[in-house]
Amino acid sequence: MWFDVALLFVSTLIFPVYFMIELGRKRTSKLACFAWFLISGSYLLYIFNVGRWDWVGYYFRYALIAFWLYSVVHAVRNNRDVPLWPPRSFVSWIGPALSAVFAALFVILGAYALTGHQTSEQAVDLRFPLRGGTYHVAHGGSRTIVNYHHDYLPQQYALDIVKLNAGGWRTKGIYPSELQAYAIYGDTLYSPCNGKVLEAVDGFEDVAPTLSEKLPEGVPPAGNHVAIGCLDAKVYVAHMQKGSVKVKVGDTVDVNTPIGLVGNSGNTSEPHLHIHAERNGVGVPITFNGEFLARNGLIRH
Ligand SMILES: [Zn+2]
């Protein structure tokens with residue numbers, strides 16, 4: 001588990017900072033300098049969109065852009081007097097050639113992730129079910145690279161939402177085991193539409209955060225959850241706190257009806273809101289006030 005966490009920090013912070021430090025240094029040729037420009041710029045495009053910035057600190061993604069611009073200025077200054085081309089030896093061309101290949105890869109991945117911010121399918125428009133804070137899309141969008149749910153048809157447009165504290169983190173520390181440490185834990189959930197309650201399940205324990213997927217027998221993956229009929233879609237709100245579900249099947253609800261509290265029951269790695277909409281068992285996109293959200297989108301209330 002800690003290997004995954006370490007990998008997350010290395011890929012999101014250490015790699016880009018390393019590339020940018022290298023970018024600013026003096027090289028033997030302008031081409032070699034340009035190679036670091038390509039690598040650092042393309043990787044920034046990729047990680048800016050794909051990175052889990054709720055883990056490493058949301059505002060670092062903008063600090064990285066500032067640092068990259070600073071490194072570009074240094075690169076220009078430090079490599080003003082070096083020759084344009086590297087020496088005519090095979091070895092001195094390996095670096096630039098490899099850089100070009102990786103840069104192309106990161107541009108493709110970054111651009112692909114950006115296409116996950118749109119969908120051509122008809123969305124169900126909902127009211128965002130949380131109030132009083134800055135909420136962050138950990139998983140969401142129409143590509144698997146920004147939304148791990150996307151491979152699973154009923155949940156292909158599901159969203160996992162966390163809350164950011166004032167510093168831009170979803171919790172104090174990296175991955176604490178106390179549920180209360182997570183900013184979103186215990187927040188009130190409101191009905192996402194004016195509709196009718198179709199499912200209301202409560203009674204399952206909130207579990208300690210874990211990255212290993214093992215669900216005790218008899219516990220539904222959604223944990224304590226509510227499903228609401230919103231027009232022709234069925235909207236699921238999952239992983240609620242034990243004992244918090246306030247509605248029952250058949251209740252009529254509106255967007256000001258509290259339905260429960262954010263918890264950590266069912267198949268979940270940490271306290272968050274999971275929400276998705278289905279039509280005949282097929283996942284349909286959700287918009288909040290007309291906006292389709294993908295990873296690193298913010299909702300301020
Ligand atoms: Zn989810």
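Predicted model: local features only at pLDDT ≥ 70, side-chain atom pairs only at ≥ 80, totals over all residues.

Reader: Which residues does UniProt list under "transmembrane region"?

Author: Such a listing comes from a record and may be inferred rather than shown by experiment. Here the unreviewed UniProt entry gives residues 6–24, 31–48, 60–78 and 90–114.

Reader: What are the helix and strand percentages over residues 90–114?

Author: One compares the annotated span with its computed secondary structure. Residues 90–114 are 100% helix and 0% strand, with 36 Å between the end C-alpha atoms. For residues 6–24 the figures are 95% helix and 0% strand, and the end C-alpha atoms lie 26 Å apart.

Reader: Is His-136 buried or exposed?

Author: Burial is judged by relative accessible area, with under 20% counting as buried. His-136 has a value of 0%, so it is buried. This residue belongs to strand E2, residues 134–139.

Reader: With which side chain does the side chain of His-136 make a polar contact?

Author: The partner is the side chain of Asn-296, at 3.0 Å. Beyond four places in sequence, His-136 also touches other residues, including Asp-54, Tyr-58 and Asp-160.

Reader: Where is His-276 found, and is it buried or exposed?

Author: His-276 sits in strand E10, residues 273–279. Its relative accessibility is 4%, and therefore His-276 counts as buried. Its side chain makes a polar contact with that of His-274 at 2.9 Å. Ile-286 is ten residues away along the chain, yet its C-alpha atom is 7.2 Å from that of His-276; Ile-286 is also among the residues that His-276 touches.

Conventions: Residues numbered from 1 in each chain as written. Heavy atoms only, no water. Helix = DSSP H or I, 4+ residues; strand = E, 2+ residues; numbered from the N terminus. Buried < 20%, exposed > 50% of the residue type's maximum accessible area, 1.4 Å probe, protein only. Polar contact = N/O pair within 3.5 Å; in protein donor to acceptor, adjacent residues only side chain to side chain. Contact = heavy atoms within 4.5 Å.
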